[in-house]
Structure formats: C-alpha cells, structure tokens
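Please keep the sequence and the structure open as you go.

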Amino acid sequence: MLKWLKKKPKEQTHTIDLSNNTFGHIRELIDNSLESADFIHYPQKTVHHSIFISYYKAMIDGELLHRDVLPYLIHNKDFKSLKDLKDILPIESVTITNDIKEIQNKLLRGFIVVQFGEYDEECAIIRAENFATNRPVSVSEIEFSVIGPKEAFIENLDSNLYLIRRRLPVPELRFKEIVIGKFSKTRVIIAYLEGVADQENLNTVMQRIKDIELEIIPDSSYLEQIISDNTKSVFPQLITTERPDRVVAMLNYGQIAILSEGSPQALLGPTGISEYFASPEDYYLTWILGSLFRFIRFISVIFSTFATPLYVAVLTFHYQMIPKDLLAPLISSRVNIPFPPVLEVLFLELTIELLREAGARLPTKVGQTLGIVGGIVIGQASVEAGLTSNILLIIVSLSALASFTTPIYKMANTIRILRFPFIFFAALWGGVGIILAMSFILVHLLRLESLGRPYMQPIYPPRLLDMTDTVFRLPYNRLLKRPISLGTELPSKDKVKEMRKKKDIDE
Amino acid sequence: MIKKGRLILLLIVLLFSGCVPKQIIDEVQLMHAIGFDELPDENIKGTITYPIFNPDGNVRVETLTAVSHTSRFIRSMLNTQSPKTLTTGQLRVVLFNDRFADNGILEIVNSLYRDPNVGNRLYLAVVNGSTNKLLTTNYTAAPLPSMYITDMLEQNINTENLPKTNLHVFLYSYYGEGMDPFLPIIKAREKTIQLEGIALFRGEKYVGKLDHKESFAFKVLLEGSKTGHYEVEVKKGKRRGHAVVRNIKGTTTYKVKKVNGVPQFDVKIKILGELHEYPHWLNLEEASNIALIEKTFKKQVHGEAKSIINKFQRLKVDPLGFGDQVRRREKGWDFKEFQKQYPDIKINVTTEVEVVESGVIE
C-alpha cells in the first residue's frame with residue numbers, strides 16, 4: 001500500500017569534505033592561507049636572524065602581539081633558536097612543533113606562528129587569542145527574575161564556564177570537552193558533579209554528543225534537537241537555560257549540563273516535565289509563595305491548553321451544559337457571527353500567533369507598539385465587525401497570557417502549539433474529541449524519555465520523595481535529599497534529621 | 001505497518017466525525033419552559049417559551065403554541081412555526097395545568113426523562129389556571145417567565161417552605177414503592193407568579209394540595225429542614241396577636257412498630273426556632289412569655305402536622321414515604337398490603353419546640 005508515495009533515495013553527489021583537508025606541507029598551508037585577506041605572513045629582522053611571522057589578523061589580540069611578542073622577538077639578544085622563545089616570551093603557551101595539523105588548527109584559533117625560513121617545518125606557536133570582541137555578561141532577558149542573580153550566559157564558552165565554576169569551586173565539578181562539527185570545530189563542554197551525577201546519564205550524553213556528525217553547530221539548540229530521545233516530539237526533552245544559577249542548582253541535583261561555544265544557552269538533562277514550569281524565583285521566594293506561584297503556572301498551562309477547545313466543544317455540541325446565567329452573554333455575543341465556533345476560534349488564535357510572531361521578529365521598541373496596537377485594535381475591530389464574539393476574545397487573550405507564564409521558552413512555545421490539535425478534535429468530536437486528544441498526548445508523554453529517563457517522573461513512575469519539588473516546592477529543610485529519579489546517592493535518615501535542626505544556642 | 005495504522009486512525013477521526021450531530025448554540029432554538037393545558041377530546045395544548053438574545057445583551061421572550069395528542073408531536077407541530085430547530089437541552093421548567101394534572105402526567109414526564117438532553121434538575125410544577133396564560137403574560141420581575149419560575153422555586157427551596165423538588169425527586173418518589181410524588185403549585189397573578197403550595201400526587205395523578213402555611217410542617221416532616229417561617233397566633237388574656245418564628249433546625253424521626261401485622265408510627269418533630277416578630281405587648285424579658293409563644297407554636301405546628309398526615313391518609317397519598325419507612329426496616333415487605341392498611345394506620349405525632357433566639361435576628 002502507498003508504494004507510489006515513497007520516493008526512491010537519490011544518489012549522494014555532495015562529496016566535498018572539508019574536515020580532513022589538512023595540508024601535507026607547510027608550504028601548501030601558507031600559500032593557501034594567503035588566499036584569505038586577513039592572513040598576515042611577513043619576514044621580520046631580529047638580532048641574530050630573520051624570522052617569518054604568520055597569523056590571522058582578526059583572530060589575534062593585536063595589543064598582545066605588539067606589547068608582549070614583537071619587542072622580545074626583535075630586540076632580545078638571547079633569541080638564537082626557536083626553543084629560546086619559551087624562555088624569553090612572557091607568555092605561558094609557546095609550543096615548538098612540526099605537526100602540520102596542530103599548526104593549522106592553532107593558526108585558525110588565533111595563535112601566532114614563528115618560523116626561521118619561510119617554509120620551515122619547525123614552527124613556534126604562540127597563544128594570542130582575541131577576547132576583546134566578547135559581549136560582557138549581561139542581565140538575563142529570557143528567564144528574567146526579580147529576585148536572585150541576574151547574570152546570564154554569553155556566547156563565550158570560557159566565560160560561561162567561569163560563571164559556573166565560580167558558583168561551584170570544587171574539584172568534583174568536571175568539565176569534559178568534546179570538539180564536534182566538521183567545519184565549525186565547536187568546543188562542547190559536558191559539565192557534571194563527580195559523585196553526584198549518575199555515571200549512566202553521563203555516558204549517554206557523552207555517547208550521543210560524540211556521535212553528532214554536523215558540519216557546523218551554531219547554537220546549543222542544535223545539540224538539543226539531535227541528542228533528544230524522541231526527535232519527533234513537540235516537547236523539549238532538555239531544559240534550555242541562560243541562567244548559571246539554574247545550571248548550578250541542577251548540577252547539584254545530579255543533572256548534566258551541556259554548553260557549547262558560541263551559544264549563550266546551556267542544556268540540562270535528564271529532566272522531568274514539571275521542571276519546565278519551575279522558575280528560579282520559586283526558590284528565591286518563601287516556599288509558600290513559591291509553591292503557590294508554581295501551582296498557578298500549572299493551572300495556567302491547563303487553562304491555556306483547554307480553554308478554547310472547550311469553548312468550541314461546548315458551543316458546537318454541548319449547549320446543554322451551559323449554566324443558565326451564562327447563556328445570555330454567550331449567545332448574545334454570538335448572534336451576529338456568521339462562522340461556526342471553530343473558525344471563530346481559529347481566526348482569533350491565528351491573530352494572536354501572528355501578533356506574537358511579528359512582535360518577536362521586529363526590533364523591541366517597534367514590537368511593543370505593534371503588540372499593544374495590534375492586540376487592542378484588531379481585537380476590538382473584529383468584535384465590532386461581528387467576526388468574533390467578545391467573550392471568545394477574552395478567553396483567547398487570557399489563554400495567550402497564561403501560555404506566557406511558562407518560564408522555559410521552548411516549553412512555552414509547545415504549550416501554545418498544543419491547543420491546535422485540541423481545537424481540531426473539539427471541532428470534530430466535541431468533548432469526546434478533547435478526551436481523545438488528551439489521551440494521545442498523555443500516551444506520548446508517558447512514552448517520552450529524557451536521556452533515557454522517564455519524562456513524566458516523578459509523577460509516573462511515581463516517586464513520592466521527589467514530589468517535594470515538583471508541583472509544590474517544600475521548604476529547604478525538606479529538600480535535603482536529591483531526586484531518586486536522577487539516580488543519585490541519598491543522605492542517611494539520621495543525617496537528614498540532623499540537618500533539619502536549627503542549631504541555635506538557647507535550647 | 002505503523003504508518004498504515006496511523007493513516008487508518010486519521011481516516012476514522014475524519015470520517016466518523018460526520019456521525020456527530022452539530023448543535024451550534026446560536027443555531028438552535030432553546031426551549032426554556034413548556035406548559036401543558038387540557039383541551040377536550042384528549043387533546044393537549046402545548047405552550048413553549050424560548051428566549052431571543054439580542055446582540056446588545058437584552059433578552060426577549062417568544063412563545064409558540066400547538067395542539068396535539070402527545071407532547072412529542074406538539075414539539076413537531078411547534079417546529080413548523082419555528083425558524084430554528086427547537087431543542088430541549090436548556091429546558092428549565094415544565095408546567096402542568098391543574099386539570100391536566102388530574103388526569104395524569106406520566107407520559108410527558110416519562111418522555112422528558114428518556115430525553116438525554118433534559119437535565120434531571122429540571123423543575124416540574126402544577127399551575128393553578130392556564131399555563132398558556134401564565135407563560136404568555138409579561139412580568140415585571142424578570143424578562144423571561146421561565147427564569148422567573150426557576151429562580152422563584154429555587155430560592156423558595158433554599159430559604160422558605162418548599163421542600164426540594166425537581167424531575168429527579170419526582171421520578172424517585174414516583175417509582176419508589178411506598179412513596180408518592182409532590183410538585184409545587186404556582187399561580188399567575190396580575191404582575192407576578194406566586195408559589196401557592198404543594199400539589200399532592202397519587203401515582204401520576206394530582207389529587208390534593210397543601211397551602212404555603214401547611215408546607216412548613218410538610219418540609220420539616222419530609223426531610224427535616226433548616227428554612228421556613230411560621231406565623232403563630234398568640235393569645236394572652238384578652239389580647240391577641242401574631243408572632244413569626246423562623247425555623248433554625250427542624251428534624252423529624254420516624255419510629256415504626258408492628259402491632260398485629262399493622263405498622264404503627266411514632267413521628268417525633270423537633271424544631272429549634274428564632275423569634276422574628278412578636279406582638280408589642282408581649283415582654284420577652286419574662287421567660288414565661290417566651291414559653292407562651294413556644295407552647296402556642298408547638299400546639300399549632302403539632303395540629304398542622306397531624307392534620308396534613310390525616311389528609312394524606314384520607315387522600316391515600318404518601319408523599320412522606322411512610323411506606324418507605326416500613327420497607328427500609330422490613331424484609332419481604334408487601335406494598336399492596338400496606339396500601340390497603342395505609343388509610344387506617346395509627347400515626348402518633350409528638351412535637352417539641354424550642355425558641356432558642358429572640359434577640360438580634362439574622
């Protein structure tokens with residue numbers, strides 16, 4: 001059946017492979033590099049010899065070259081052989097090598113190459129990377145919190161590692177580096193706490209990252225999508241966060257963080273679905289408020305997903321269940337509307353999606369104006385023109401608002417998209433359709449895994465001890481145990497009791 | 001194979017969705033109230049009201065009338081006059097003319113309860129007079145007579161002398177052995193609709209009624225109650241006056257004894273009351289005066305309870321479920337036998353009354 005639908009696979013013609021293009025000889029390397037305008041290669045007279053200096057202008061720190069390299073090379077009388085450079089340069093990283101591959105890699109990463117003859121195979125490579133063009137660490141904008149640290153990751157990997165290690169100055173914090181990407185040679189760091197993180201999780205992550213065969217890795221989101229257990233799912237299976245405090249908290253719970261060069265976002269896993277609705281602020285406010293706000297977030301997710309499908313189902317199929325006092329406002333707002341409830345809902349939902357999408361693409365200031373103007377004007381006008389009922393307008397905008405409460409941006413988007421299948425099923429089968437769609441989603445969620453761990457944990461499989469920090473966040477003296485579901489070791493009962501006590505003097 | 005399965009699933013969803021009938025809320029006519037009147041030759045006159053909702057939020061009532069032999073065909077006849085299909089999903093109240101109810105209402109109630117669109121909390125009521133007139137009159141109290149009636153019945157159940165009643169309660173006591181149903185009676189006055197009392201049914205037939213004052217004792221006897229007001233006639237020396245007692249908590253306990261195969265009942269009423277209004281010449285600081293009111297209240301409620309129970313026995317109706325009380329306590333109970341015994345059963349009523357509050361009210 002359906003054989004005609006299947007396409008025959010095409011022969012692969014694209015065979016250029018830039019990953020193994022190391023040159024055989026230094027001559028080739030230099031000649032080829034000179035094809036780029038930013039490659040500098042020139043002879044320089046020193047006290048005893050004449051040397052050749054080569055580097056990529058954009059990649060090196062010019063000031064460092066002029067202050068810490070050139071004066072020593074030119075004026076130092078002890079500079080007789082390349083080995084002397086190790087002693088005379090005030091830079092720790094000076095290597096003498098004739099490994100052409102290493103020379104090429106380092107050259108491209110902002111090292112300076114010094115040779116005696118123009119095509120001498122033996123070279124000294126001096127570290128001079130340019131850090132000046134990094135964006136400073138700035139306030140987190142995607143996961144904003146009023147209380148608590150404001151720092152967010154930036155595009156520079158080392159700076160991100162600093163943000164993490166500063167908060168966890170212990171040797172148990174391990175950073176494993178893997179370089180992936182045939183062209184981009186992106187450095188990827190897998191961070192974990194030795195003795196806390198489960199070895200199995202770590203192996204899974206390392207294995208999956210090593211297996212990645214991409215040419216370039218522009219962002220950690222690429223990694224997320226590739227190493228996700230189910231790439232067909234709309235649900236994100238790893239948390240994407242820009243907050244170092246969140247990363248550190250989760251490392252402490254036994255999760256594993258993945259950071260990649262050039263990406264201001266870290267990935268965290270394995271995760272359970274409830275973590276996507278936890279905001280750092282839940283931990284910075286008292287546990288009662290934190291739990292309450294988290295609970296509100298859960299409610300708003302449910303509302304956001306089911307409000308408009310229920311409207312469609314009730315108005316199309318189940319008019320019986322409308323309370324008598326709600327009948328008048330519902331009907332009188334719909335009397336003049338020529339569409340069935342589905343079209344009405346789809347029209348408004350798409351309008352909101354449009355506003356969101358346009359607002360996200362435009363520059364911030366224009367975007368804000370657009371959001372307000374578009375929201376008010378289009379909403380009001382479509383009600384007055386009799387295209388939508390004003391009750392629906394309220395429901396749709398409330399559910400849009402509710403969907404923005406989810407702190408993890410990727411999950412918020414999923415929640416926004418999730419309602420469309422529900423609307424579709426509600427329009428076809430009413431309440432039965434909603435239940436049907438819900439069953440599909442639930443089955444999918446139950447089967448989903450994050451790095452091989454169940455996605456619905458600790459709700460299913462039920463882990464009562466882990467529930468202390470899911471729907472509600474209990475006070476910190478109840479959160480002394482790490483989640484069982486992450487496979488970490490637990491402190492003993494007595495120790496927990498001891499830790500819960502307040503050690504005041506007056507007793 | 002998986003792909004094939006998914007495709008079939010999608011086809012099922014899309015194709016079978018055609019089997020679900022759509023009833024878009026503004027494309028159906030929502031019947032709010034139906035009234036049935038008796039006509040000669042076993043004809044029934046059906047009157048329905050439905051609301052018209054204007055875009056500005058105003059509501060207006062429309063009525064349609066048709067004559068036929070059965071309630072369902074009346075609806076079909078009504079559809080011939082209606083711009084949109086008439087539906088029962090929002091039906092709130094069904095009214096029966098008292099003469100119509102004399103001949104039995106079962107066919108209609110039965111057809112209502114077999115209709116899955118009709119809710120069990122639908123109100124049924126007997127109308128003293130023409131239901132057509134009641135439903136077609138404009139009332140100042142509410143724009144929709146249907147809503148007027150439902151709200152009126154609801155609030156009387158919650159705060160006054162009307163016991164809980166709806167389609168479900170009616171059906172329960174109709175089909176339950178040793179019980180008889182009852183319904184509220186309403187009446188159209190010039191500008192208002194008034195709750196007159198309680199209509200008593202023998203089986204499906206309307207045979208007698210209780211007035212508003214009698215309903216107080218009835219409600220306490222039936223289910224115990226925490227609502228209702230009672231007017232007491234007070235006499236002291238030569239002076240006469242009236243006092244009003246609000247029921248705070250009224251409970252009734254039934255005790256059954258069998259003497260020579262005939263059940264005997266001990267009915268014990270206990271009422272805690274709150275004195276709301278009393279004659280000015282009565283000084284409540286004297287305990288004896290409160291005792292006087294208590295005594296008179298007790299006497300009158302007692303008399304009322306006895307008289308309504310006598311009335312039930314005389315009419316051979318059992319809305320209080322005396323039969324059910326016996327059935328609960330007895331194995332192999334014979335309903336037919338009880339029905340024969342019922343008019344002559346000895347039912348003792350004892351009443352206890354206490355006025356617990358006489359100061360600040362409510």
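What follows covers chain B, the domains, the interface between the chains and a few individual residues.

This is a predicted model, in which local features need pLDDT of at least 70 and side-chain atom pairs count only at pLDDT 80 or more, while totals for chains, interfaces and linings use all residues. Residues are numbered from 1 along each chain as its sequence is written, chains are lettered from A and ligands numbered from 1 in the order in which they are written, and side-chain values use heavy atoms, with hydrogens and water left out.

**Chain B as a whole**

- Chain B contains 11 helices and 14 strands; helices (H or I, at least four residues) and strands (E, at least two) are DSSP runs, numbered from the N terminus.
- The C-alpha trace of chain B spans about 85 × 55 × 55 Å along its principal axes.
- Of the 362 residues in chain B, 50% are buried; buried means under 20% relative accessible area, exposed over 50%, and partly exposed in between (1.4 Å probe, protein chains only).
- Among contacts (heavy atoms within 4.5 Å) in chain B with a separation of 6 or more, 65% are between residues 24 or more positions apart.

**Domains**

- Chain B is assigned domain 1 (23-219) and domain 2 (224-362), with bounds that come from an automatic or database domain assignment.
- The contact between them takes 23 residues from domain 1 of chain B and 29 residues from domain 2 of chain B.
- Together, domain 1 of chain B and domain 2 of chain B bury about 2100 Å², 62% of it on carbon and sulfur atoms; buried area is the accessible area (1.4 Å probe) that two parts lose on being put together, summed over both.
- The C-alpha centres of these two domains of chain B are 30 Å apart.
- Chain A is divided into domain 1 (26-127), domain 2 (157-271), domain 3 (283-453) and domain 4 (464-500).
- In chain A, 62 Å separate the C-alpha centres of domain 1 and domain 3.

**Where the chains meet**

- Chain A and chain B bury about 2600 Å² between them, and carbon and sulfur atoms give 69% of that area.
- On the chain A side, A:Tyr319, A:Lys324 and A:Trp429 lose the most area to chain B, together 28% of what that side buries.
- B:Lys22 sits in the loop between helix H1 (2-16) and strand S1 (28-30) of chain B, and B:Lys22 counts as exposed at 51% relative accessibility.
- Apart from neighbours within four places in sequence, B:Lys22 is in contact with A:Thr316, A:Phe317 and A:Ala427.

**A buried position in chain A**

- A:Val345 belongs to helix H12 (residues 341-361) of chain A and counts as buried because its relative accessible area is 0%.
- Not counting residues up to four places away in sequence, A:Val345 touches A:Thr308, A:Tyr311, A:Val312, A:Leu392 and A:Ile423.

**Backbone geometry to check**

- Most residues other than glycine have a negative phi, and most peptide bonds are trans.
- A cis peptide bond joins A:Gly269 and A:Pro270, with omega about -5 degrees.
- The peptide bond from A:Tyr460 to A:Pro461 is also cis, with omega near -5 degrees.
- B:Glu42 is not a glycine, yet has a positive phi of about 60 degrees; B:Glu42 is in the loop between strand S2 (33-38) and strand S3 (44-53) of chain B.
- B:Lys316, again not a glycine, has a positive phi of about 60 degrees and lies in the loop between helix H9 (287-315) and helix H10 (322-329) of chain B.
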